[in-house]
Amino acid sequence: MSSQLAAMKPAPTRSPGAPPSADAPFALCRCAGCDREMKILPAWAGKMVRCPYCKQPTQAYRNCRVYERRPCAVEVACQPAAARTADEARWEATVCDISRGGVRLRLGRRFEKGAALAVELPGPAGEDPTVVFVRVARLTRAADGAWLLGCAFISELSEEEVRNILAAASAGA
Ligand SMILES: [Zn+2]
């Protein structure tokens with residue numbers, strides 16, 4: 001009987017909405033505290049979980065997506081989204097990495113978590129910068145005193161948009 005059961009072992013099935021890989025039934029999420037990737041079960045979405053790295057509670061947010069981050073060094077200007085017409089409110093910053101989901105900014109001042117910023121990213125050659133809106137998700141202080149702001153795009157970029165920004169940045173360098 002047992003050998004018959006073993007022979008009847010069903011082929012792997014995949015329910016709708018399941019992660020694409022059958023051997024990876026986890027979604028990836030980023031800890032709001034320490035910014036490290038952690039695995040969550042899809043059923044945990046929206047619930048508070050304890051980060052396995054920093055041990056702090058963090059929300060396993062719905063539709064977790066972790067996009068590849070491209071390291072870069074793009075000089076940009078940023079300012080509070082509410083002060084877009086005031087030139088004096090512009091701050092120079094460096095984009096340290098970019099993904100479809102957001103950017104990491106390095107700058108000399110801090111903006112509070114949750115602040116909405118307008119970031120001028122380099123546009124195509126000869127064209128005006130592209131302004132994207134981000135929200136500060138986390139901030140850390142570098143050893144040299146600079147602030148590192150992890151920012152999420154209000155509207156995610158396409159893969160092509162990320163590539164164009166990186167191409168424009170390297171062309172203008
Ligand atoms: Zn953590």
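1. L148 touches R104, R106, L139, T140 and A142, leaving aside residues up to four places away in sequence; a contact here means that the C-beta atoms, placed from the backbone, lie within 7 Å. Please bear in mind that this is a predicted model, where local features need pLDDT of at least 70, side-chain atom pairs count only at pLDDT 80 or more, and totals for chains, interfaces and linings use all residues. Residues are numbered from 1 along each chain as its sequence is written.

2. L148 belongs to strand β10; strands are DSSP runs of E, at least two residues, numbered from the N terminus. Opposite L148 stands R106, and β7 pairs with β10 (residues 147–153) in the antiparallel sense over 6 bridges. Two strands pair if DSSP finds at least two bridges between them.

3. On to β6 (residues 91–98) and β7 (residues 102–107): these antiparallel strands are joined by 5 bridges and form a hairpin with 3 residues between them. A93 has L107 in β7 as its bridge partner.

4. Which strands make up the closed barrel? Its 6 strands run β5-β6-β7-β10-β9-β8, with antiparallel pairing. From one strand to the next the twist averages 45 degrees, with axes fitted to C-alpha atoms and angles running from 0 to 180 degrees between N-to-C directions.

5. Also worth a look: β8 (residues 116–121) and β9 (residues 130–141) are antiparallel partners over 6 bridges, and A118 has F133 in β9 as its bridge partner.

Key
Helix = DSSP H or I, 4+ residues; strand = E, 2+ residues; numbered from the N terminus. Contact = placed C-beta atoms within 7 Å.
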